[in-house]
Amino acid sequence: MKDTGTLTTYYAPGLDMLLSNIFLDDHCFRLAAADGRIGIEFEPSPDRSRIPEIRGTLWVDRVSSELTAMEFGYVNVSKAKSERARGELRFARMRDGTWAITRWNIQMPVTEIPISGGSANENEARVLEVLSTGGELVFAQRGQDTIWSRPPLTLSGDVVDSSSGSAR
């Protein structure tokens, strides 16, 4: 996250950042468990307490030991942003052994900072709206070889005539 006071840019980590020595050096880790998964919780190291950062949990499947997801939020930001800004990543191993982010989303609050007594108070920021964006990988190819594809979607429902209400 980059916060200039008037403009906030939200960043979600990519695989390159999560696998970097910089991320390992700048964060503290501990284990957690829930619902048949093992969680690796992370948070910025104490020396980064004044820098907008992420904290969250990497989720590993207990049976396969494969990375499945990551949930994250932001710290060292205003209360309004830390309570509402968050994201999630889903991971999959491709047929060639590499990893990819297959789904991602991020929620980004737009805040207004009141000015009282001639100065802005970031701690009293109020959320005007929450923007949400994301994406999903449908398939990945290397040359002519499909190395990963999303399982097909199934849609079901009833077709109803809007004027008579009868099913067709």
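Which strand does H27 lie in? H27 belongs to strand β3 (residues 27–34), strands being DSSP runs of E of at least two residues, numbered from the N terminus.

## Model and confidence

This is a predicted model, in which local features need pLDDT of at least 70, side-chain atom pairs count only at pLDDT 80 or more, and totals for chains, interfaces and linings use all residues. Residues are numbered from 1 along each chain as its sequence is written, and side-chain values use heavy atoms, with hydrogens and water left out.

The average pLDDT (the predictor's confidence in each residue, from 0 to 100) is 87 for the protein, and 93% of the residues score at least 70. Mean confidence is highest in strand β6 (residues 67–75), at 95, and lowest in strand β10 (residues 119–120), at 63. Where pLDDT is low, the predicted coordinates should not be read in detail.

## Surroundings of H27

H27 counts as buried because its relative accessibility is 7%; buried means under 20% relative accessible area, with a 1.4 Å probe and protein chains only. A polar atom of the H27 side chain lies 3.0 Å from the backbone oxygen of F23. The side chains of H27 and E53 are joined by a polar contact of 3.1 Å (a pair of N or O atoms within 3.5 Å; within protein, one must be able to donate a hydrogen and the other to accept it, and residues adjacent in sequence count only if both atoms are side-chain atoms).

Key. Helices (H or I, at least four residues) and strands (E, at least two) are DSSP runs, numbered from the N terminus. Buried means under 20% relative accessible area, exposed over 50%, partly exposed in between (1.4 Å probe, protein chains only).
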